[in-house]
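Welcome! Please take a moment with the sequence and the 3D view below, and then we will walk through them together.

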Amino acid sequence: MNFTNEKIFARGITFYKVFIFFVLGSLIGSFYEEILFYIQTKEWTGRHDLIYGPFSTLYGFGTALFLVLLGPKNEKRGWIKTFFLASFIGGVTEYVTGLLCELFLKIQFWDYSHDFLNIGGKTTIPYALIWGLFATLFLKLLYPKVSNWIERIPVKIGEFVCFIGVILMSLNLLISYTAFFRMLERNKGREPKTFVGAFYDKVYSDDFMYQKFPILKGKINHV
């Protein structure tokens with residue numbers, strides 16, 4: 001029997017494969033942040049950025065970005081070149097993310113201004129190199145094996161699970177970000193203009209948000 005035309009799930013770098021690695025990166029990044037924070041403070045606390053689930057989407061988007069930009073020629077590109085390209089991409093991503101948070105949200109989630117070789121307080125050369133190291137290990141060691149496992153998933157099952165996952169993650173992102181923006185508006189003394197805003201004030205109150213996201217404490221400007 002000829003299997004040359006057999007359909008393979010998420011073969012190559014497809015949307016579904018990038019989504020799977022986005023989810024995996026978000027999960028691993030959240031656990032990494034919690035462990036790192038525990039080492040620094042001896043306290044366990046959530047370091048996720050979505051209301052539902054232990055997801056840190058900064059790491060998820062970073063993983064997806066590395067895969068999309070560096071994945072296509074990963075096998076032909078050497079380790080050293082991958083490392084420097086990934087360091088540059090990681091540093092730029094962290095810098096731009098911090099800049100956008102300050103410009104649009106008026107919140108400084110991290111400040112490296114007192115760290116060695118910092119760039120505008122939004123990233124540092126050492127942190128960029130750490131991004132590069134993690135990305136290189138991911139692309140050279142982890143990605144090929146996990147990608148092979150993903151492609152062994154039956155097509156119908158993989159497509160169905162990913163389709164549902166995309167819907168749920170999109171809703172999670174939408175709810176989390178709108179709840180956060182409503183929190184900012186609420187703390188500026190602005191009353192809700194629609195029933196949606198009133199619903200958010202009741203369900204996603206300040207107490208709820210501070211409990212979910214301890215990192216927000218002291219960063220929200222009250223009127």
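What follows is a short briefing on this chain, grouped by topic.

Keep in mind that you are looking at a predicted model. The protein chain has 223 residues, and 39% of them are buried. Seven helices and two strands make up its secondary structure.

**Overall layout**

- The C-alpha trace spans about 70 × 45 × 30 Å along its principal axes.
- Take the contacts between residues at least 6 apart in sequence: 67% of these join residues at least 24 apart.

**The nonpolar cores**

- The largest nonpolar core contains 28 residues, and F9, F21, F66, I150 and M169 have the most contacts inside it.
- Five helices each supply at least two residues of this core: α1 (15-41), α2 (57-70), α3 (79-105), α4 (125-151) and α5 (155-186).
- Helix α4 gives the most, with seven residues.
- A second, separate core has 15 residues, including I107, M183, Y204 and F213.
- Which residues does F9 touch, leaving aside its neighbours within four places in sequence? Its partners are Y16, I20, I150, E151, I153, V155, G158, E159 and C162.

**Aromatic residues**

- The count of aromatic pairs comes to 18.
- One of these is a stacked pair formed by Y59 and W131, with 5.6 Å from centre to centre and 25° between the planes.
- This pair links distant parts of the chain, since Y59 sits in helix α2 and W131 in helix α4, 72 residues apart.
- Are Y59 and W131 buried or exposed? Y59 counts as buried because its relative accessibility is 17%, under the 20% cut-off. W131 has a relative accessible area of 14%, so W131 is buried too.
- Y59 and W131 also belong to one aromatic cluster together with Y32, F66 and F134.

**Where α2 meets α3**

- The axes of α2 and α3 come within 11 Å and cross at roughly 140°.
- How do we describe that angle?
- On the α2 side, the contact is made by L58, L65, F66, L69 and L70.
- On the α3 side, the residues are T82, L85, A86, I89, G90, T93 and T97.
- Look out for F66 as you explore: this residue takes part in the α2 and α3 contact, in the aromatic cluster and in the largest nonpolar core.

Definitions and conventions: Residues numbered from 1 in each chain as written. Predicted model: local features only at pLDDT ≥ 70, side-chain atom pairs only at ≥ 80, totals over all residues. Heavy atoms only, no water. Core = buried A, V, L, I, M, F, W, Y, C linked by side-chain atoms within 4.5 Å. Buried < 20%, exposed > 50% of the residue type's maximum accessible area, 1.4 Å probe, protein only. Helix = DSSP H or I, 4+ residues; strand = E, 2+ residues; numbered from the N terminus. Contact = heavy atoms within 4.5 Å. Phe/Tyr/Trp six-rings, centres within 6.5 Å; stacked < 30°, edge-to-face > 60°. Axes fitted to C-alpha atoms, helices over the stretch in contact; angles between N-to-C directions.
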